[in-house]
Amino acid sequence: YLMRKKVYVKTFGCRTNLFDSQVMMSNLEDFDITENEAEADIIIVNSCTVTNSADVGVRGYINSVEKSSNAEVYLTGCGAHTKGESLFGNKKVFGVFGQSEKTRINTLLKEKERFYELGDLNFVDDTIVEEFVGKSRAFIKIQEGCDFRCSYCIIPYVRGDSRSMDEAKILEQVTTLAINGFGEFILTGTNVGSYGHREERSLASLLRKRSQIRGVRRIRLGSLEPIQITSEFEELLDEPWLEKHLHIALQHTSPAMLKIMNRRNKFESDIALFQRLREKGFALGTDFIVGHPGETEEHWQEAMQNLKRLPLTHVHAFTYSKRDGTPSATMKGEVNGAVAKKRLKEFTDLVDANNLAFRKAFAHLPLEVLIESEKEGRFHGLDQFFNKVIIESTQDLVGNWLNVEDYRVEKDGNYARF
């Protein structure tokens, strides 16, 4: 009888990678999964390559493992396509495999010889993940890849063009998870809103079907593009199961910058959309890149004036980070790092103030909170507006849904006792 080897999965990057890690874990039949890195015999690094610094983070982690542990290291994820060859060539990893190979992980980990198998970029997942280790929300991947070609982004080259998962499989997956007690589902993908594109299917019809499954209390969506919020989608805005928060990627609010970035959205139609959504009571988030090459002081001032007109409550903003192999990487007009940081802070301060004002304005509404974790006697969760709620209680509330009517609005979140 051989001791079963212990596998630790280290995940970098986005929600899609979290899902992919889950798929790998559910396919490990002859190995044990450990959440303790120190006792692992095998470490799988599910890597991210969205910027050059993401590559550095992955490389740094692999180097630190090499120094501190005897575990065998395998590389997968987006970094397998950009850095796999050099890491494999330098014997930093035992094996490299692309996303399309992840369902074969149980076989791959038994290989005696070192291997480098990237697979292809056209595969579609059919693994159904039945539970999520240690989380009260379930992430469901509904599509993979992207047809957009934004000038700063490497992702289409490592994840391929957009293709959608099988609808029956997705609904089966949600049903299984709902039976296992999950109430909140987060739809993820490289570009979620392009679900069903070219296939006579749509995100809106998938949402409707999915909401009819017993046990589904709340559905959240990953990042959408403005163009993907169709009139069919807008018909769903009053549905009680749709979270009252949408994340819509604008990337910039200066028309000149949108052009340079090869974006498809136009600011004037973006603001009209955001105003319609705010009237329906939605909190609104966006993705935004500050300091992309070509962003002059005039462009930034124009962007800020436009941002002040947008009802934004959440933001995922970055200063531009070069990614080799993209059009932006060779563009002129680079923005000084300190200038970009200052612009970023000006923007995030604006959104923080908006968020506080939003929470005060809606403080008469009860909050529907799913409690996710506990730290030092305080329970942390997210409400329907994707805002943090911190609750003091003597009971163990993790995994519970609470309807919180009496709470106080503070700068860093909403607080309550239960």
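## Around Met331

Met331 touches Ser151, Ile260, His292 and Pro293, leaving aside residues up to four places away in sequence; contact here means heavy atoms within 4.5 Å. This is a predicted model, in which local features need pLDDT of at least 70, side-chain atom pairs count only at pLDDT 80 or more, and totals for chains, interfaces and linings use all residues. Residues are numbered from 1 along each chain as its sequence is written, and side-chain values use heavy atoms, with hydrogens and water left out.

Met331 lies in the loop between strand E14 (314-319) and H13. Helices (H or I, at least four residues) and strands (E, at least two) are DSSP runs, numbered from the N terminus. With a relative accessible area of 24%, Met331 is partly exposed; buried means under 20% relative accessible area, exposed over 50%, and partly exposed in between (1.4 Å probe, protein chains only).

## Helix H12 and its neighbours

H12 (residues 297-309) has 13 residues and reaches 19 Å from its first C-alpha to its last, close to the 18 Å expected at 1.5 Å a residue. That expected span is 1.5 Å times one less than the number of residues. The buried residues of H12 are His299, Trp300, Ala303, Met304, Asn306 and Leu307. Seen down the axis, these buried residues fall within an arc of 165 degrees, so they line one face of H12; the arc is that of the directions from the helix axis to the C-beta atoms. An α-helix has 3.6 residues a turn, so residues three or four places apart point the same way.

The buried residues of H12 pack against helix H10 (255-260), helix H11 (267-279), strand E13 (283-290) and helix H13 (337-361). Exposed Glu298 and Lys308 sit on the face of H12 turned away from its buried side. Ser254, in the loop between strand E12 (245-247) and H10, touches His299, Glu302 and Ala303, not counting residues up to four places away in sequence. Ser254 counts as buried, at 0% relative accessibility. The side chains of Ser254 and Glu302 make a polar contact of 3.3 Å. A polar contact is a pair of N or O atoms within 3.5 Å; within protein, one must be able to donate a hydrogen and the other to accept it, and residues adjacent in sequence count only if both atoms are side-chain atoms.

Helix H7 (residues 167-179) has 13 residues and reaches 19 Å from its first C-alpha to its last, close to the expected 18 Å. Buried in H7 are Glu167, Ile170, Leu171, Gln173, Val174, Leu177 and Ala178. They cover an arc of only 155 degrees around the axis, which puts them on the same side of H7. On the other side of H7, Ala168 and Ile179 are exposed. After H7 comes Gly181, with a positive phi near 95 degrees.

The buried residues of H7 pack against helix H1 (15-26), E7, strand E10 (184-188) and helix H8 (203-211). Strand E7 (residues 137-141) includes Arg137, which counts as buried at 12% relative accessibility. The side chain of Arg137 makes a polar contact of 3.2 Å with the side chain of Glu372.

## Rings and charges

The structure holds 9 aromatic pairs. Rings of Phe, Tyr and Trp (its six-membered ring) pair if their centres lie within 6.5 Å; planes under 30 degrees apart count as stacked, over 60 as edge-to-face and the rest as tilted. Phe88 and Tyr116 have ring centres 5.6 Å apart and planes at 35 degrees, so the pair is tilted. Phe88 belongs to helix H4 (residues 84-89) and Tyr116 to strand E6 (residues 115-117), 28 residues apart. Phe88 is buried at 18% relative accessibility, whereas Tyr116 is partly exposed at 31%. Phe358 and Phe385 form an edge-to-face pair, with centres 5.2 Å apart and planes at 75 degrees. Both Phe358 and Phe385 are buried.

Ring pairs also link Tyr74, Phe94 and Phe115 into a cluster. The charged end of Arg114 sits over the ring of Phe88, 4.1 Å from its centre. Arg149 lies over the face of Tyr157, 5.8 Å from the ring centre. A charge sits over a ring if NZ of Lys or CZ of Arg is within 6 Å of the ring centre and within 35 degrees of the ring normal.
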